[in-house]
Amino acid sequence: MAAAGHTAARLLRHEWSVATLAGVALAVLLTWPTLKHPRTTIPGDIGDPTLQAWQVAWAGHSLITDPLRLWHSNTFFPEPYTFAYTDNLLGYAPAALFGHGVEAAVFRYNLLFVLAHALAFVGAYALVRQLGGIRTAAAFAGVAWAFAPWRLAHSGHLNILSTGGIALCLAMLARGHGWSLRHGHRPRLHRPGWIVAGWLVAAWQVSLGFAIGLPLVYFLAGTGLVVAAAVGWARWRTGRWVFSRRVVLANLLGGAVFGGVCVWLGTFFLHVVELNPQARRDLSWTRMFSPPLRGYAIAPADSWLWGDHFEAARAQLSWPPEMALLPGVTLIVLATAGLTFSVFRVRHRVLLGLGVLVSGALGLGSNLVGEGDPGYLTLSRLLPGWEALRTPGRLMVWTSLLLAVLAAGAISEFGRYRPARGWQKSAGGIALLLPLLLVLVEGVNRTPHPTVPPAPAALRAAADPILVLPSDGVSESHVMLWSTDGFPRIANGSMTFVPDSQQQIRTTSMAFPDPSSIAFLRQVGIRSVVVLPDRLAGTPWDGVATRPLDGLGITREEIAGAFVYHLD
């Protein structure tokens, strides 16, 4: 018993245990009040977060009940492949194996929201440690990347905030190949198991969505080609292989799984575009969301420290949520210092600096010189799938990660010169902690946490397939969330495009209830129509609840202020 306690205590004191616990604690603190009322409120707004709460819930429900129907969700009835209409957070499906219903879906979303920040901290921490940074520098990088001001603009986009797998897979792959920025390549430290783990984490990251995952795919592919060329050159020059057979096999195995997951997921998204040509995004979307250069120096409104200071500047941006891209003042200053003062080798610093410039330039989209060609628009024409990445500013994920690594190099170099004893040692320790405290302050949020609209009781009394009115795109994500209570088939749904069948249903139902609309709804398979009177004002369905039913062959019942029309 004593031995077990000693082992447990030793594990808790281990660096990675401390880093993980610190990441979770910081995530709870810096996303507060997300977990204050986790079953009834949601961070950001009640639009995309409610949709994404449904996505996670549907994935788990499908895995339990009918995995073969995963891609044919209960929404957008009667359309197929509706779970592939947008990024779907599939990698979070295991979280939905526990609990059911609307409150469970909201609670699950809030928990994942917090844990996504924690994983980003741990991922950046692990990457910096593997690259040769000291612990304080790794903690700085973790906070600076996971809680950067620009991320606060995406409080309603869990798929954009879920980036921890990027840094973590890079750390694992670097560890498996025995490589760091500080010490270079050390073959004696090859660990094939870490290589396989890195590829698996990368595959999981992609399963959370291509909006963030696709640049990772191309980064890993490009890095793989460079490494392969370098290995071939070394073989030709020295006659020896740099990597052992086990390392090569680990990469082949892990890379095959990674590639298989990417192809498997991509197939369904491509099929959706084939069925719905209107889902294809042309370059006008990219031009619309391309941020100006000054956007990198503007903080979003949700930043507690900087939000008010940049209010006037944000007003000049055409779409502030995607164009207020401040990575953090402290991060910029220390990353700049890291170009000349660092534990990392000069050539590595130069590469990191070039990476910042290239990713930052690409992030300008069409606002780069030449309207992004060459640049982001060039990639949209050349790289499969890139044209669907309509928001160039999200490359700040990479820009801020590179800045964090540069800054960590400077902090680590300062730590080398820290006095070993006396008051100077204490002063040096405080100086090392100061940057960490500054980025913590810059990460404090004032994100709104609105109350999630409760599900109407009438929805549970309706036989599926169901149409909920109004169906105007505003309430659609709420209906999707409400459908997590049993997952009835619904004609409603909210995405960046409108399927033809949904548009027909919407247009026809504006005259409901009348003979033609009832006949059409019956024809497509709708058995019940739920009308929410308190949401009809100002919509094309205003007045539906007061229209007579005489001679229409349907019945209506009122339940808690809503109406259920039974068509069969």
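Is Cys262 buried or exposed at 12% relative accessibility? Cys262 counts as buried, where buried means under 20% relative accessible area, exposed means over 50%, and partly exposed lies in between (1.4 Å probe, protein chains only).

The legends below concern a predicted model, in which local features need pLDDT of at least 70 and side-chain atom pairs count only at pLDDT 80 or more, while totals for chains, interfaces and linings use all residues. Residues are numbered from 1 along each chain as its sequence is written, and side-chain values use heavy atoms, with hydrogens and water left out.

**View 1. The salt bridge between Glu322 and Arg394.** A salt bridge is a side-chain nitrogen of Lys or Arg within 4 Å of a carboxyl oxygen of Asp or Glu. In this pair the closest N and O atoms are 2.7 Å apart. Glu322 belongs to helix H13 (residues 320-323), whereas Arg394 sits in the loop between helix H16 (376-382) and helix H17 (396-416), so the contact ties together parts that are 72 residues apart in sequence. Helices (H or I, at least four residues) and strands (E, at least two) are DSSP runs, numbered from the N terminus. Both Glu322 and Arg394 are buried. A search of the whole structure finds nine salt bridges.

**View 2. The salt bridge between Glu476 and Arg506.** Here the N to O distance is 3.7 Å. The pair links distant parts of the chain, with Glu476 in helix H20 (residues 476-482) and Arg506 in helix H21 (residues 500-509), 30 residues apart. Glu476 and Arg506 are both buried.

**View 3. The salt bridge between Arg527 and Asp568.** The side chains meet at 2.7 Å, N to O. Arg527 lies in the loop between helix H22 (515-524) and strand S4 (528-531), and Asp568 in the segment after strand S6 (562-566), so the pair ties together parts that are 41 residues apart in sequence. Arg527 is partly exposed, with a relative accessible area of 36%, and Asp568 is exposed, at 61%.

**View 4. Cys169 and Cys262, each in no disulfide.** A disulfide is a covalent bond between the sulfur atoms of two cysteines; the criterion applied is a pair of cysteine sulfur atoms within 2.5 Å. The structure holds zero disulfides. For Cys169, the nearest cysteine sulfur is that of Cys262, 11 Å away. Cys169 is buried, with a relative accessible area of 0%.
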